Amino acid sequence: MTKPLFLAAALCALCACASSPAEDAAKAAAAAPAISTVPAEGLPPQRLAPGECGLFLWSMSAPRRFVFFTKGSSGDALVLIGDKPTSIPMTSAGGDVFGQFLTKMTFEDLASEAMVTVSIEPGKPLEGGQRVGSGNIQFRNAEGWETVLPVTGVRACIPG
């Protein structure tokens, strides 16, 4: 009789110390003031049609995550805002020509008032594209909090 009572008491004590996944997520969200942290999952895979070019960027910190994508023919980017892949329109571009892209691009999401600025340094040429030697994505939320994420990637084109 004492064994079941002891096990029940130990189980209750263990449960009392543990927090729920929802509580952990709420604590993490409250501690992160910027609009984007690199989530456990990156963006979904993206495909290019023949003749299309795309810019693919991954976070440089381990584990690496696919965090940014845009097509050369599009004014929109697919980027992680919070943990959610979000399509946002380009509002400005400048810098040097990098294939079908420029080395500095700004995107803004009117719904969340998020602003994403991408700055990249061209790297070595590849067959059908070019590496992104280094770069960063700067996320700014409506309250003005900013996060800078170092990135690397590739500009690639599908012959068509």
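A charge sits over a ring if NZ of Lys or CZ of Arg is within 6 Å of the ring centre and within 35 degrees of the ring normal. The legends below describe a predicted model, in which local features need pLDDT of at least 70 and side-chain atom pairs count only at pLDDT 80 or more, while totals for chains, interfaces and linings use all residues. Residues are numbered from 1 along each chain as its sequence is written, and side-chain values use heavy atoms, with hydrogens and water left out.

**View A. Arg-155 over the ring of Phe-98.** Arg-155 lies over the face of Phe-98. The distance to the ring centre is 5.1 Å.

**View B. The disulfide of Cys-53 and Cys-157.** The structure holds one disulfide, a term for a pair of cysteine sulfur atoms within 2.5 Å. In general, such a link is a covalent bond between the sulfur atoms of two cysteines. The sulfur atoms of Cys-53 and Cys-157 are 2.0 Å apart. The pair links distant parts of the chain, 104 residues apart: Cys-53 is in strand β1 (residues 53-59) and Cys-157 in strand β8 (residues 146-157). Helices (H or I, at least four residues) and strands (E, at least two) are DSSP runs, numbered from the N terminus. Because the torsion about the S-S bond is about 110°, the disulfide is right-handed. Cys-53 counts as buried at 10% relative accessibility, whereas Cys-157, at 22%, counts as partly exposed. Buried means under 20% relative accessible area, exposed over 50%, and partly exposed in between (1.4 Å probe, protein chains only).

**View C. The salt bridge of Lys-71 and Glu-52.** A search of the whole structure finds one salt bridge, that is, a side-chain nitrogen of Lys or Arg within 4 Å of a carboxyl oxygen of Asp or Glu. The closest N and O atoms of Lys-71 and Glu-52 are 3.5 Å apart. Lys-71 belongs to strand β2 (residues 66-71), and Glu-52 to the loop between α2 (21-31) and β1; this pair links distant parts of the chain, 19 residues apart. Lys-71 counts as partly exposed, at 25% relative accessibility.

**View D. A cluster of Phe-56, Trp-58, Phe-66 and Phe-69.** Five aromatic pairs are found in the whole structure. Rings of Phe, Tyr and Trp (its six-membered ring) pair if their centres lie within 6.5 Å; planes under 30 degrees apart count as stacked, over 60 as edge-to-face and the rest as tilted. The rings of Phe-56 and Trp-58 have centres 6.4 Å apart and planes at 20°, so this pair is stacked. Phe-56 counts as buried at 11% relative accessibility, and Trp-58 as partly exposed at 29%.
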